[in-house]
Amino acid sequence: MPTTPATAANSSSNGTGEAILLELVDEDGRTIGTAEKLSAHQAPGQLHRAFSVFLFDEQGRLLLQQRALGKYHSPGVWSNTCCGHPYPGEAPFAAAARRTFEELGVSPSLLAEAGTVRYNHPDPDSGLVEQEFNHLFVGMVQAPLRPDPSEVGETAYVTAEELAVRHAQGPFSAWFMTVLDAARPAIRELTGPSAGW
């Protein structure tokens with residue numbers, strides 16, 4: 001992946017061992033500061049910038065990932081293709097492409113902005129809070145996946161009908177339905193009406 005000033009300054013390979021910082025924002029998504037990642041998620045949570053990616057195959061199936069069991073937040077639950085936080089000063093689009101590659105070992109063949117959504121989702125299991133201004137992206141994946149096992153437990157491609165069954169069985173991330181519903185107009189535009197999204 002290309003190195004930008006934001007990724008170079010925040011890379012875990014820069015040898016500094018510094019805490020990961022998130023970009024704090026106001027209700028309109030304007031940057032107002034930074035906070036350490038874990039502290040931003042502790043109740044009541046600090047509003048920060050995030051992103052969510054929804055990638056589809058050529059049959060219009062959504063790529064889900066099960067979060068690795070070793071993750072400190074929402075381990076072992078299913079969620080959208082990829083989600084995370086831009087580094088301070090990193091464009092959300094660049095962060096979405098970067099993390100998709102880091103987690104799944106694949107670059108989207110198409111990635112487009114799909115709006116934003118603001119939410120506040122406490123996670124009862126961990127006590128952490130997702131207080132996020134989330135940038136949404138939809139796209140296509142056409143290459144074989146190479147998931148990082150420290151990030152991803154499993155992956156699955158699902159139709160809209162299969163997702164409904166899986167979601168009823170759970171568990172899914174607290175934010176999943178909020179971001180999916182917000183991204184649906186762009187998903188329908190990408191996949192067409194026959195896909196059922």
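In which strand does Glu-132 lie? Glu-132 lies in strand 8, where strands are DSSP runs of E with at least two residues and helices are runs of H or I with at least four, both numbered from the N terminus. The model is predicted, so that local features need pLDDT of at least 70 and side-chain atom pairs count only at pLDDT 80 or more, whereas totals for chains, interfaces and linings use all residues. Residues are numbered from 1 along each chain as its sequence is written, and side-chain values use heavy atoms, with hydrogens and water left out.

Strand 8 (residues 129-140) runs antiparallel to strand 7 (residues 110-122), to which eleven bridges join it; two strands pair if DSSP finds at least two bridges between them. Gln-131 of strand 8 is the bridge partner of Asn-120, and in the hairpin of these strands, with six residues between them, Gly-127 takes a positive phi near 80°.

Glu-132 is buried yet has no salt bridge, the nearest side chain of opposite charge being that of Arg-67, 8.8 Å away. Here buried means under 20% relative accessible area, exposed over 50% and partly exposed in between (1.4 Å probe, protein chains only), and a salt bridge places a side-chain nitrogen of Lys or Arg within 4 Å of a carboxyl oxygen of Asp or Glu; Lys and Arg count as positive and Asp and Glu as negative, while His and the chain ends are not counted.

Glu-103, found in helix 3 (residues 92-104), counts as buried because its relative accessibility is 4%.
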